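Biologist: Could you walk me through this structure, slowly, as I am still new to reading models?

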Amino acid sequence: MSKNAQGQKVIVLDFGAQYGQLIARRVRDLHVYSEILPCDAPAEEIAAANPSAIILSGGPASVYAEDAPSVDPAVFELGLPVLGFCYGQQIMAKTLGGMVGHTEKGEYGAATIERVATSRLLDGTPGEQTVWMSHRDAVAKVPEGFVITSSTDICPVASMECAERNLYATQFHPEVRHTRYGTQILSNFLFGICGLEPTWSMDNLIDTLVQDVREKVGDKRVILGLSGGVDSSVVAALCARAIGKQLTCVFVNHGLLRKDEPEQVEEIFTKLFDVDFVHVHAEERYARLLAGITEPEEKRRIIGTQFWNEFFAVAQDLAEDGRPVQFMAQGTIYPDIIESGARKTGGKASTIKSHHNLIPFPEGVHFDLIEPLDHFFKDEVRALGTALGLPEYLVWRQPFPGPGLAIRIIGSVTPEKLEILKNADAIVREELDAYNAKLFAETGERNSERSVWQYFAVLPDIKSVGVMGDERTYQRPIILRAVESSDAMTADWAKLPYEVLAKISGRIVAEVPGANRVCYDITSKPPATIEWE
Ligand code: XMP
C-alpha cells in the first residue's frame, strides 16, 4: 500500500498473534496509519515500505522452539524506533544478545507492574499499574545498553528500554483494553518517542485506497461481486470513485438471499453508483446443484465454486464484447482472513470455516485480486462506508454470509424449507430492527451494550409436535440466533427482554406456515460460531 498523505506509517511485524492486527488497529485509532507484515519480512522490504516505526507483536511460540519465528536482525539497524510486546520483547532481547528463560508459573491475566527506573515509554503513567500478561517465557537478562523499567512479582523484566537506540519493549500487552494505561503507553511511543503527528483519518484512508486501486488497475477492467452487504458495497463505492466505468458490478442471485433482498440490491446499485450492473439470475442452477446436499462444507464449496463459474461467464461475455477483465475486487475483511487460516499475516490460525470469499478459483479461471479492506475490522469498514457517503441503512446492515440461507438451513436445501426460513427470518429482522432502533433512540449509540449486532433465523432438520386450535401439528421449529459483537471474532448471545422474545415467537408461529415452535440459541462464540454451518 502506498503511504498516506502525511507519509507516516507504523509497521507491525506479526509473530502469529491473533492480536497482531489489533495492534495495527490501536495505532490507527490514535490517528497514525499502520499496517501489518509477516514477522520474517526482510529488513530491506520493511525499509522499502518507508515506515516511521516498527512494532513487534506477541506470538504463541517460545523463542527457543525449533521453528520459532524470528526477526531479521538488520531490522534493529534501520535506525527506526522499535517497540516489542510479549514475544516481541523476548525476540528483541534474544536477537540483541540478552537471555530468555521460563518463569516458574507463567503469568496469565491481570498483573501489577511496578516502575523501577525512569522510562520514556511509561512516562505519565502511575508507578504501580494494572497490565495484561499472557506468557510463560520471559526475559531473564536484558541486552547490553538496556535498562529494566518495570517488574512484577513473577516477571523481573516487565518492560525494558534502550533510549539511546530507540528500542522499547514490554512483556505485557498494551494493545489489550485490560492494560489500564495501554493507550497512554502506545501514545508515548508514537508521539513522544517517534515524534509522529496524529493526523491520519478515514479521509486520508480513502485517498490512499483510491490511489492504490488506480495504480494497480491502470486502464484495465475490474469485476466485483456485489452481495448487497457492507463489505462489497464499500469496495464498490471505492472502486467506483477510483475507476468509474472500468468497474462492472455483478450481482449473482443464488436464490438464497433474505426476503425482498434481490430487489433491494438491484435498486441500490443501479441508483447509487455510476457503474455497470449485471443481475445474474442463477436461482435455478443453484437449486439443482444443492439438491440433496447436507454437509456444510460441501454446501459452501458448491456455492463458492458456482459463484466463480457465474462470474467467469460474465467476465467471458465482457471479453467477447471487447472489454476483457483482469481484476476482481472483493470485500474480504481481516476477520475473514484469520478465520480461514492466516494468509498474508504470517500467523498460524487454523481453518475454522472455509469462507466464501477465500475459496480458490476453479481451474482455468484467473483474476488478479483487489482486496482493499483486508486490513480492516468491520467497524472500521463501516466508518469507511460512512466517510464514502454510503447511506446509513446500508452501512449499518448486519453481516450476511456469502452462502446465504443455505448455511442456515440444516440438512438439504429445498424450496419449501427456504420459504419457511425466509418468512421467519423476515419477522426476526423486523422485530429486532425495531428493538435496535428503540435502543439507538434512547442511548444515541449504535452498538450499545444492549443492542443486537447480528440476528437471524435458523431452520434445523427436524420436526416437532404441536397443537394449534384443536389440531395436532407436526412441523418445523425455528431457531433464533441473536448476538452481540463488534467484529464477529467473538460474540455473546444477546440477553433480549422476554417481551421481545415472546413477540418474535408468537409472530413466527402465527404467521409462518410450516413453523410451530421457536427456540433461542444461548451459546457464545467461542465455543460456538455465529452461523450454524
Ligand atoms: P461465524 O459463523 O464464523 O461467522 O462465527 C462470523 C461472521 O462471518 C459471517 N460469515 C460469513 N461471511 N462469507 C461471508 O462473507 C461466509 O462464508 C461467511 N460465513 C460466516 C457470519 O454471518 C458472521 O457475521
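Modeller: What follows goes through the sheet, the cores, the ring pairs and a few backbone details.

Biologist: What kind of model is it, and how are residues numbered?

Modeller: This is a predicted model, in which local features need pLDDT of at least 70 and side-chain atom pairs count only at pLDDT 80 or more, while totals for chains, interfaces and linings use all residues. Residues are numbered from 1 along each chain as its sequence is written, and side-chain values use heavy atoms, with hydrogens and water left out.

Biologist: Okay, sheet first: what is the order of the strands in the open sheet of five?

Modeller: The order is β12-β11-β10-β13-β14, and the pairing is parallel. Strands here are DSSP runs of E with at least two residues, helices are runs of H or I with at least four residues, and both are numbered from the N terminus. Two strands pair if DSSP finds at least two bridges between them.

Biologist: Which strands stand at the edges?

Modeller: Those are β12 (276-281) and β14 (368-370), each of which has a single partner strand, so one side of each is left without a neighbour in the sheet. From one strand to the next, the twist averages 30°, where axes are lines fitted to C-alpha atoms, for helices over the stretch in contact, and angles run from 0 to 180 degrees between N-to-C directions.

Biologist: How many bridges join β13 to β14?

Modeller: Three bridges join β14 to the parallel strand β13 (residues 325-329), and F327 has D368 in β14 as its bridge partner. Strand β10 (residues 221-225) is joined to β11 by four bridges, again running parallel, with V222 standing opposite L247 in β11.

Biologist: And β11, is that buried or exposed?

Modeller: Seven of the seven residues of β11 (residues 247-253) are buried, so this strand is largely enclosed by the rest of the structure. Buried means under 20% relative accessible area, exposed means over 50%, and partly exposed is in between, using a 1.4 Å probe and protein chains only. Both faces of β11 are covered, with L247, C249, F251 and N253 buried on one side and T248, V250 and V252 buried on the other.

Biologist: Which residues touch the most other members of the largest nonpolar core?

Modeller: They are I223, L432, L496 and I508, in a core of 92 residues. Helix α6 (residues 230-243) gives the largest share of this core, ten residues. A nonpolar core is a set of buried Ala, Val, Leu, Ile, Met, Phe, Trp, Tyr and Cys residues joined through side-chain atoms within 4.5 Å.

Biologist: What does L432 touch?

Modeller: Leaving aside residues up to four places away in sequence, L432 touches Y455, L480, A482, L496, V500 and I504, where contact means heavy atoms within 4.5 Å. There is also a second, separate core of 31 residues, which includes I11, F15, A49 and F76.

Biologist: Changing topic, how many aromatic pairs are there?

Modeller: The structure holds eight. Rings of Phe, Tyr and Trp (its six-membered ring) pair if their centres lie within 6.5 Å, and planes under 30 degrees apart count as stacked, over 60 as edge-to-face and the rest as tilted. One of the pairs is Y33 with W200, which is tilted, at 5.3 Å centre to centre and 50° between the planes.

Biologist: Why does that pair tie together parts that are apart in sequence?

Modeller: Y33 lies in strand β2 (residues 33-38) and W200 in the loop between α4 (182-193) and α5 (202-217), so the pair links parts that are 167 residues apart in sequence. Y33 is buried, at 2% relative accessibility, and W200 is buried too, at 6%.

Biologist: What sits over the ring of W493?

Modeller: The charged end of K495 does, 4.3 Å from the ring centre. A charge sits over a ring if NZ of Lys or CZ of Arg is within 6 Å of the ring centre and within 35 degrees of the ring normal. Likewise, the charged end of R408 sits over the ring of F456, 3.6 Å from its centre.

Biologist: Last topic, the backbone: which peptide bonds are cis?

Modeller: The bond from K525 to P526 is cis, with omega near -20°, and so is the bond joining P526 and P527, with omega about 10°. Most residues other than glycine have a negative phi, and most peptide bonds are trans. C86 is not a glycine, yet has a positive phi of about 55°; this residue lies in the loop between β4 (82-85) and α3 (87-95), and counts as buried at 5% relative accessibility.
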